[in-house]
Amino acid sequence: MNIGKLKLNGPLVLAPMSGVTNLPFRLLCKKYGASLVHSEMTCSEAIVRQNQKSMAMAFSCVEERPLGIQLLGSNPDTLVHSALMLQEIYSPELIDVNLGCPAQAVIKNGFGSALLKKPELIRDIIKQLSDALDIPVTAKIRVLNSRDETLRIAQGIEKAGAAAITVHGRTQKQGYSGKSDLEIIKNIKSILAIPVIANGDIFDEKQAKHVLEYTQCDGLMLGRGAIGNPYIFRRISHYLDNGELLPRMTFGERLEEFFEYAALCRKYDLLTYNDLKLKAQWFLKNRKNIKSVREKINDAKDIDSILGIMGELRADTCIKSG
Ligand SMILES: Cc1cc2nc3c(=O)[nH]c(=O)nc-3n(C[C@H](O)[C@H](O)[C@H](O)COP(=O)(O)O)c2cc1C
(Lines give C-alpha, C1' and ligand atoms only; values in the text may rest on other atoms or scores of the structure.)
Protein backbone atom coordinates (compact mmCIF):
# COMPACT_ATOMS: atom_id res chain seq x y z
CA MET A 1 0.00 0.00 0.00
CA ASN A 2 1.23 3.52 -0.81
CA ILE A 3 0.02 6.49 1.18
CA GLY A 4 0.91 9.48 -0.96
CA LYS A 5 4.66 9.32 -1.40
CA LEU A 6 5.01 6.87 1.49
CA LYS A 7 5.53 3.27 0.38
CA LEU A 8 4.55 0.64 2.95
CA ASN A 9 5.83 -2.92 2.78
CA GLY A 10 2.50 -4.53 3.68
CA PRO A 11 -1.16 -3.92 4.50
CA LEU A 12 -1.08 -4.16 8.32
CA VAL A 13 -1.31 -1.01 10.39
CA LEU A 14 -1.20 -0.55 14.16
CA ALA A 15 -4.12 1.63 15.34
CA PRO A 16 -3.55 4.71 17.44
CA MET A 17 -4.56 3.75 20.98
CA SER A 18 -4.50 6.07 23.92
CA GLY A 19 -2.54 4.59 26.83
CA VAL A 20 -1.37 1.69 24.65
CA THR A 21 0.67 2.69 21.60
CA ASN A 22 3.73 4.22 23.23
CA LEU A 23 7.13 3.78 21.59
CA PRO A 24 8.01 0.40 23.24
CA PHE A 25 4.70 -1.13 22.25
CA ARG A 26 4.98 0.23 18.71
CA LEU A 27 8.47 -1.27 18.43
CA LEU A 28 7.13 -4.73 19.35
CA CYS A 29 4.36 -4.45 16.75
CA LYS A 30 6.87 -3.29 14.17
CA LYS A 31 9.13 -6.25 14.99
CA TYR A 32 6.28 -8.62 14.14
CA GLY A 33 5.34 -6.98 10.87
CA ALA A 34 3.21 -3.88 11.36
CA SER A 35 3.92 -1.83 8.22
CA LEU A 36 2.86 1.44 9.79
CA VAL A 37 2.43 2.32 13.46
CA HIS A 38 0.55 5.22 15.05
CA SER A 39 1.15 7.19 18.19
CA GLU A 40 -1.77 7.58 20.57
CA MET A 41 -3.96 10.61 19.89
CA THR A 42 -2.24 13.85 20.84
CA CYS A 43 -4.18 17.03 21.51
CA SER A 44 -3.19 19.80 19.08
CA GLU A 45 -3.96 22.51 21.63
CA ALA A 46 -1.66 20.87 24.18
CA ILE A 47 1.13 20.60 21.60
CA VAL A 48 0.87 24.29 20.78
CA ARG A 49 1.10 25.03 24.53
CA GLN A 50 4.20 22.79 24.54
CA ASN A 51 2.70 20.50 27.16
CA GLN A 52 5.52 18.08 27.92
CA LYS A 53 3.32 15.02 28.48
CA SER A 54 1.63 15.47 25.10
CA MET A 55 4.91 16.18 23.34
CA ALA A 56 6.34 12.95 24.80
CA MET A 57 3.47 10.85 23.37
CA ALA A 58 4.98 11.18 19.92
CA PHE A 59 8.51 10.37 21.09
CA SER A 60 10.02 8.12 18.43
CA CYS A 61 13.14 6.34 17.18
CA VAL A 62 14.31 5.26 13.71
CA GLU A 63 13.70 1.54 14.28
CA GLU A 64 9.93 1.98 14.40
CA ARG A 65 9.55 3.93 11.16
CA PRO A 66 7.28 4.65 9.36
CA LEU A 67 5.31 6.45 12.09
CA GLY A 68 1.99 8.26 11.90
CA ILE A 69 1.31 10.83 14.60
CA GLN A 70 -2.37 11.26 15.32
CA LEU A 71 -3.75 14.68 16.18
CA LEU A 72 -6.93 15.60 17.97
CA GLY A 73 -8.49 19.04 17.58
CA SER A 74 -10.99 21.12 15.66
CA ASN A 75 -9.30 24.43 14.98
CA PRO A 76 -7.55 24.24 11.58
CA ASP A 77 -4.92 26.85 12.53
CA THR A 78 -4.05 25.07 15.77
CA LEU A 79 -3.93 21.72 14.02
CA VAL A 80 -1.58 23.11 11.37
CA HIS A 81 0.60 24.83 13.97
CA SER A 82 0.88 21.67 16.08
CA ALA A 83 1.52 19.45 13.04
CA LEU A 84 4.34 21.74 11.90
CA MET A 85 5.85 21.62 15.39
CA LEU A 86 5.67 17.81 15.46
CA GLN A 87 7.04 17.59 11.94
CA GLU A 88 10.01 19.71 12.99
CA ILE A 89 10.72 17.72 16.19
CA TYR A 90 9.93 14.11 15.26
CA SER A 91 9.76 14.02 11.43
CA PRO A 92 6.85 11.55 11.31
CA GLU A 93 6.07 9.95 7.96
CA LEU A 94 2.44 11.09 8.17
CA ILE A 95 -0.05 13.04 10.26
CA ASP A 96 -3.43 11.44 10.96
CA VAL A 97 -6.48 13.41 12.07
CA ASN A 98 -8.76 11.83 14.67
CA LEU A 99 -12.37 12.09 13.44
CA GLY A 100 -13.64 9.08 15.34
CA CYS A 101 -13.01 9.24 19.08
CA PRO A 102 -16.38 8.82 20.86
CA ALA A 103 -15.17 9.62 24.42
CA GLN A 104 -17.35 12.22 26.20
CA ALA A 105 -14.33 14.26 27.27
CA VAL A 106 -13.30 14.53 23.62
CA ILE A 107 -16.66 15.19 21.97
CA LYS A 108 -17.66 17.85 24.49
CA ASN A 109 -14.78 19.91 23.12
CA GLY A 110 -16.01 19.35 19.57
CA PHE A 111 -13.09 17.01 18.75
CA GLY A 112 -12.94 13.43 17.43
CA SER A 113 -16.25 12.00 16.24
CA ALA A 114 -18.05 15.30 17.07
CA LEU A 115 -16.48 16.64 13.88
CA LEU A 116 -18.45 14.16 11.77
CA LYS A 117 -21.40 16.52 12.18
CA LYS A 118 -19.38 19.30 10.52
CA PRO A 119 -18.30 18.10 7.07
CA GLU A 120 -17.21 21.57 5.96
CA LEU A 121 -14.93 21.98 8.94
CA ILE A 122 -13.46 18.52 8.26
CA ARG A 123 -12.67 19.55 4.69
CA ASP A 124 -11.13 22.78 5.91
CA ILE A 125 -8.93 20.93 8.42
CA ILE A 126 -7.71 18.36 5.89
CA LYS A 127 -7.10 20.96 3.20
CA GLN A 128 -5.15 23.31 5.44
CA LEU A 129 -3.05 20.47 6.83
CA SER A 130 -2.38 18.99 3.38
CA ASP A 131 -1.39 22.40 2.00
CA ALA A 132 0.90 23.20 4.94
CA LEU A 133 2.73 19.88 5.38
CA ASP A 134 5.11 18.12 3.06
CA ILE A 135 4.14 14.69 4.43
CA PRO A 136 0.86 12.83 3.76
CA VAL A 137 -2.21 13.71 5.82
CA THR A 138 -4.69 10.94 6.60
CA ALA A 139 -8.00 10.78 8.47
CA LYS A 140 -9.54 8.15 10.73
CA ILE A 141 -13.33 8.16 10.89
CA ARG A 142 -16.24 6.29 12.41
CA VAL A 143 -19.37 5.86 10.30
CA LEU A 144 -22.69 7.71 10.62
CA ASN A 145 -26.18 6.21 10.73
CA SER A 146 -26.77 7.47 7.22
CA ARG A 147 -24.82 5.60 4.56
CA ASP A 148 -25.03 8.55 2.13
CA GLU A 149 -23.77 11.03 4.70
CA THR A 150 -20.86 8.74 5.53
CA LEU A 151 -19.97 8.46 1.84
CA ARG A 152 -20.15 12.24 1.46
CA ILE A 153 -17.80 12.74 4.41
CA ALA A 154 -15.32 10.23 2.97
CA GLN A 155 -15.47 11.89 -0.46
CA GLY A 156 -14.98 15.30 1.12
CA ILE A 157 -11.90 14.05 2.96
CA GLU A 158 -10.44 12.73 -0.29
CA LYS A 159 -11.23 15.92 -2.22
CA ALA A 160 -9.63 18.05 0.50
CA GLY A 161 -6.32 16.30 -0.10
CA ALA A 162 -6.09 13.37 2.33
CA ALA A 163 -3.68 10.66 1.19
CA ALA A 164 -5.63 7.81 2.84
CA ILE A 165 -8.59 7.20 5.12
CA THR A 166 -9.17 4.64 7.86
CA VAL A 167 -12.75 3.60 8.56
CA HIS A 168 -13.91 2.02 11.81
CA GLY A 169 -17.33 0.67 10.83
CA ARG A 170 -19.16 1.68 14.01
CA THR A 171 -21.04 4.86 14.84
CA GLN A 172 -20.09 7.20 17.68
CA LYS A 173 -23.15 6.01 19.65
CA GLN A 174 -22.21 2.34 19.26
CA GLY A 175 -18.93 2.73 21.12
CA TYR A 176 -17.74 -0.88 20.93
CA SER A 177 -21.15 -2.55 20.80
CA GLY A 178 -22.39 -4.40 17.73
CA LYS A 179 -20.00 -5.13 14.92
CA SER A 180 -17.86 -3.04 12.62
CA ASP A 181 -20.01 -2.64 9.48
CA LEU A 182 -18.02 -4.09 6.59
CA GLU A 183 -20.67 -3.12 4.05
CA ILE A 184 -20.18 0.60 4.55
CA ILE A 185 -16.40 0.18 4.54
CA LYS A 186 -16.72 -1.67 1.22
CA ASN A 187 -18.95 1.12 -0.14
CA ILE A 188 -16.40 3.76 0.82
CA LYS A 189 -13.60 1.78 -0.81
CA SER A 190 -15.60 1.46 -4.01
CA ILE A 191 -15.98 5.21 -4.50
CA LEU A 192 -12.56 6.53 -3.43
CA ALA A 193 -9.27 6.55 -5.31
CA ILE A 194 -7.07 7.02 -2.20
CA PRO A 195 -6.19 3.95 -0.10
CA VAL A 196 -8.89 2.90 2.35
CA ILE A 197 -7.87 1.06 5.53
CA ALA A 198 -10.52 -1.12 7.17
CA ASN A 199 -10.74 -1.13 10.96
CA GLY A 200 -12.75 -2.92 13.60
CA ASP A 201 -12.89 -6.37 15.18
CA ILE A 202 -9.86 -7.93 13.50
CA PHE A 203 -8.69 -10.41 16.11
CA ASP A 204 -7.32 -13.26 14.01
CA GLU A 205 -5.98 -14.35 10.65
CA LYS A 206 -9.23 -15.55 9.15
CA GLN A 207 -11.11 -12.38 10.01
CA ALA A 208 -8.24 -10.34 8.58
CA LYS A 209 -8.39 -12.20 5.27
CA HIS A 210 -12.17 -11.98 5.18
CA VAL A 211 -12.16 -8.21 5.77
CA LEU A 212 -9.53 -7.62 3.08
CA GLU A 213 -11.33 -9.77 0.53
CA TYR A 214 -14.83 -8.58 1.35
CA THR A 215 -14.13 -4.86 1.45
CA GLN A 216 -11.33 -4.87 -1.14
CA CYS A 217 -9.58 -2.35 1.10
CA ASP A 218 -5.90 -1.56 0.71
CA GLY A 219 -4.98 -2.10 4.34
CA LEU A 220 -6.16 -3.36 7.72
CA MET A 221 -5.81 -1.51 11.00
CA LEU A 222 -5.58 -3.54 14.21
CA GLY A 223 -6.34 -2.15 17.64
CA ARG A 224 -7.56 -4.33 20.50
CA GLY A 225 -6.30 -7.50 18.84
CA ALA A 226 -2.74 -6.29 19.33
CA ILE A 227 -3.09 -5.35 23.01
CA GLY A 228 -0.84 -7.68 25.01
CA ASN A 229 -0.38 -9.57 21.73
CA PRO A 230 1.89 -7.76 19.25
CA TYR A 231 2.69 -11.17 17.71
CA ILE A 232 -0.69 -11.02 15.98
CA PHE A 233 0.97 -9.00 13.21
CA ARG A 234 3.27 -11.91 12.33
CA ARG A 235 0.43 -14.43 12.42
CA ILE A 236 -1.82 -12.38 10.17
CA SER A 237 0.89 -11.39 7.76
CA HIS A 238 2.04 -15.02 7.46
CA TYR A 239 -1.51 -16.18 6.83
CA LEU A 240 -2.14 -13.52 4.19
CA ASP A 241 1.10 -14.45 2.41
CA ASN A 242 1.02 -18.26 2.74
CA GLY A 243 -2.46 -19.31 3.87
CA GLU A 244 -0.90 -21.10 6.88
CA LEU A 245 -1.76 -20.64 10.54
CA LEU A 246 1.33 -20.21 12.69
CA PRO A 247 1.37 -21.82 16.14
CA ARG A 248 0.24 -19.50 18.92
CA MET A 249 2.91 -18.03 21.13
CA THR A 250 3.56 -20.13 24.21
CA PHE A 251 2.91 -18.54 27.57
CA GLY A 252 6.67 -18.51 28.18
CA GLU A 253 7.19 -16.56 24.97
CA ARG A 254 4.52 -14.09 25.97
CA LEU A 255 6.29 -13.52 29.27
CA GLU A 256 9.50 -12.83 27.33
CA GLU A 257 7.57 -10.25 25.32
CA PHE A 258 6.59 -8.55 28.56
CA PHE A 259 10.23 -8.38 29.65
CA GLU A 260 11.23 -7.01 26.26
CA TYR A 261 8.53 -4.37 26.65
CA ALA A 262 9.83 -3.46 30.11
CA ALA A 263 13.42 -3.28 28.80
CA LEU A 264 12.36 -0.98 25.96
CA CYS A 265 10.52 1.25 28.43
CA ARG A 266 13.69 1.46 30.51
CA LYS A 267 15.85 2.15 27.45
CA TYR A 268 13.65 5.06 26.35
CA ASP A 269 13.07 6.37 29.88
CA LEU A 270 9.36 5.53 29.70
CA LEU A 271 9.18 3.01 32.53
CA THR A 272 6.38 3.96 34.94
CA TYR A 273 4.68 2.03 37.72
CA ASN A 274 1.12 2.51 36.41
CA ASP A 275 1.97 1.57 32.85
CA LEU A 276 3.99 -1.52 33.80
CA LYS A 277 1.28 -2.78 36.14
CA LEU A 278 -1.36 -2.47 33.41
CA LYS A 279 0.86 -4.04 30.75
CA ALA A 280 1.77 -6.96 33.01
CA GLN A 281 -1.95 -7.77 33.28
CA TRP A 282 -2.36 -7.50 29.52
CA PHE A 283 0.47 -9.90 28.80
CA LEU A 284 -1.19 -12.37 31.21
CA LYS A 285 -4.50 -12.06 29.32
CA ASN A 286 -6.43 -15.31 28.72
CA ARG A 287 -4.09 -17.35 30.92
CA LYS A 288 -5.97 -19.60 33.34
CA ASN A 289 -4.99 -20.55 36.93
CA ILE A 290 -2.89 -17.49 37.69
CA LYS A 291 -5.41 -15.55 39.78
CA SER A 292 -2.94 -15.27 42.66
CA VAL A 293 -0.29 -13.78 40.33
CA ARG A 294 -2.78 -11.21 39.06
CA GLU A 295 -3.66 -10.30 42.66
CA LYS A 296 -0.01 -9.96 43.59
CA ILE A 297 0.54 -7.61 40.65
CA ASN A 298 -2.45 -5.55 41.70
CA ASP A 299 -0.99 -5.22 45.19
CA ALA A 300 2.59 -4.58 44.01
CA LYS A 301 3.92 -1.33 45.42
CA ASP A 302 6.61 -0.49 42.88
CA ILE A 303 8.21 -1.35 39.54
CA ASP A 304 10.75 -3.76 41.04
CA SER A 305 7.98 -5.74 42.76
CA ILE A 306 6.07 -6.10 39.46
CA LEU A 307 9.23 -7.25 37.69
CA GLY A 308 9.95 -9.65 40.57
CA ILE A 309 6.48 -11.26 40.39
CA MET A 310 6.69 -11.61 36.62
CA GLY A 311 10.22 -12.99 36.99
CA GLU A 312 9.02 -15.71 39.40
CA LEU A 313 6.29 -16.62 36.95
CA ARG A 314 8.88 -16.80 34.16
CA ALA A 315 11.11 -19.10 36.23
CA ASP A 316 8.12 -21.33 37.12
CA THR A 317 6.94 -21.49 33.50
CA CYS A 318 10.46 -22.30 32.36
CA ILE A 319 10.79 -25.18 34.88
CA LYS A 320 7.36 -26.61 33.94
CA SER A 321 8.02 -26.49 30.19
CA GLY A 322 11.64 -27.61 30.49
C1 LIG B 1 -7.55 1.50 24.68
C2 LIG B 1 -7.94 2.14 23.37
C3 LIG B 1 -7.49 3.40 23.06
C4 LIG B 1 -7.83 3.99 21.83
N5 LIG B 1 -7.31 5.22 21.50
C6 LIG B 1 -7.52 5.73 20.25
C7 LIG B 1 -6.85 6.90 19.82
O8 LIG B 1 -6.02 7.49 20.53
N9 LIG B 1 -7.14 7.37 18.58
C10 LIG B 1 -8.01 6.72 17.74
O11 LIG B 1 -8.24 7.17 16.61
N12 LIG B 1 -8.65 5.61 18.12
C13 LIG B 1 -8.41 5.08 19.34
N14 LIG B 1 -8.96 3.90 19.68
C15 LIG B 1 -9.78 3.19 18.69
C16 LIG B 1 -8.90 2.21 17.87
O17 LIG B 1 -7.91 2.91 17.15
C18 LIG B 1 -9.76 1.41 16.88
O19 LIG B 1 -10.36 2.28 15.96
C20 LIG B 1 -10.85 0.62 17.58
O21 LIG B 1 -10.39 -0.01 18.76
C22 LIG B 1 -11.46 -0.44 16.64
O23 LIG B 1 -10.47 -1.34 16.22
P24 LIG B 1 -10.27 -2.79 16.91
O25 LIG B 1 -11.58 -3.49 16.83
O26 LIG B 1 -9.19 -3.42 16.08
O27 LIG B 1 -9.88 -2.55 18.32
C28 LIG B 1 -8.67 3.31 20.91
C29 LIG B 1 -9.13 2.04 21.24
C30 LIG B 1 -8.77 1.44 22.45
C31 LIG B 1 -9.26 0.05 22.75
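This is a predicted model: local features need pLDDT of at least 70, side-chain atom pairs count only at pLDDT 80 or more; totals for chains, interfaces and linings use all residues.
Residues are numbered from 1 along each chain as its sequence is written, and side-chain values use heavy atoms, with hydrogens and water left out.

**Around S180**

- S180 sits in the loop between β9 and α8; helices (H or I, at least four residues) and strands (E, at least two) are DSSP runs, numbered from the N terminus.
- At 9% relative accessibility, S180 counts as buried, a label that means under 20% relative accessible area, with exposed being over 50% and partly exposed in between (1.4 Å probe, protein chains only).
- Setting aside neighbours within four places in sequence, S180 is in contact with H168, G169, R170, I185, N199, G200 and D201, where contact means heavy atoms within 4.5 Å.
- Two of those partners, D201 and R170, form a salt bridge, with their closest N and O atoms 2.7 Å apart; the term stands for a side-chain nitrogen of Lys or Arg within 4 Å of a carboxyl oxygen of Asp or Glu.
- That pair links distant parts of the chain, 31 residues apart: D201 is in the loop between β10 (196-199) and α9 (205-215), while R170 is in the loop between β9 (164-168) and α8 (182-191).
- D201 and R170 are both buried.

**The two domains**

- The chain is assigned a domain 1 (2-242) and a domain 2 (251-321), with bounds that come from an automatic or database domain assignment.
- In the contact between them, domain 1 takes part with 17 residues and domain 2 with 13 residues.
- The C-alpha centres of the two domains lie 29 Å apart.
- Together, domain 1 and domain 2 bury about 1,300 Å² between them, 65% of it on carbon and sulfur atoms; buried area is the accessible area (1.4 Å probe) that two parts lose on being put together, summed over both.
- On the domain 1 side, P24, L28 and G228 supply 36% of the area buried against domain 2, more than any other three residues.
- G243 lies in the loop between α10 (232-242) and α11, and is partly exposed, with a relative accessible area of 48%.
- G243 is 241 residues away from N2 in sequence, and the two are 24 Å apart in space, C-alpha to C-alpha.

- The rule finds 6 residue pairs in polar contact across the interface of domain 1 and domain 2 (both at pLDDT 80 or more).
- Sorted by class, the side of domain 1 that touches domain 2 has 11 nonpolar, 3 polar and 3 charged residues; here Ala, Val, Leu, Ile, Met, Phe, Trp, Tyr, Cys and Pro count as nonpolar, Asp, Glu, Lys and Arg as charged, and the others, Gly among them, as polar.
- There are 2 salt bridges across this interface.
- K31 pairs with E260, the closest N and O atoms being 2.7 Å apart.
- K31 also forms a salt bridge with E257, at 3.4 Å between the closest N and O atoms.
- E257 lies in helix α11 (residues 251-267) and K31 in helix α1 (residues 23-31), so this pair ties together parts that are 226 residues apart in sequence.
- Taken together, K31, E257 and E260 are linked in a network of salt bridges.
- E257 is buried at 5% relative accessibility, whereas K31 is partly exposed at 36%.

**Elsewhere in the structure**

- Searching the whole structure turns up 15 salt bridges.
- One of the salt bridges joins the side chains of R147 and D148 (3.1 Å, N to O); R147 is partly exposed at 43%, and D148 is partly exposed at 43% too.
- F259 is in helix α11 and counts as buried, at 15% relative accessibility.
- Not counting residues up to four places away in sequence, F259 touches L307, M310, G311 and R314.
- F259 and F233 are 26 residues apart in sequence and 19 Å apart in space, C-alpha to C-alpha.

Definitions and conventions
A polar contact is a pair of N or O atoms within 3.5 Å; within protein, one must be able to donate a hydrogen and the other to accept it, and residues adjacent in sequence count only if both atoms are side-chain atoms.
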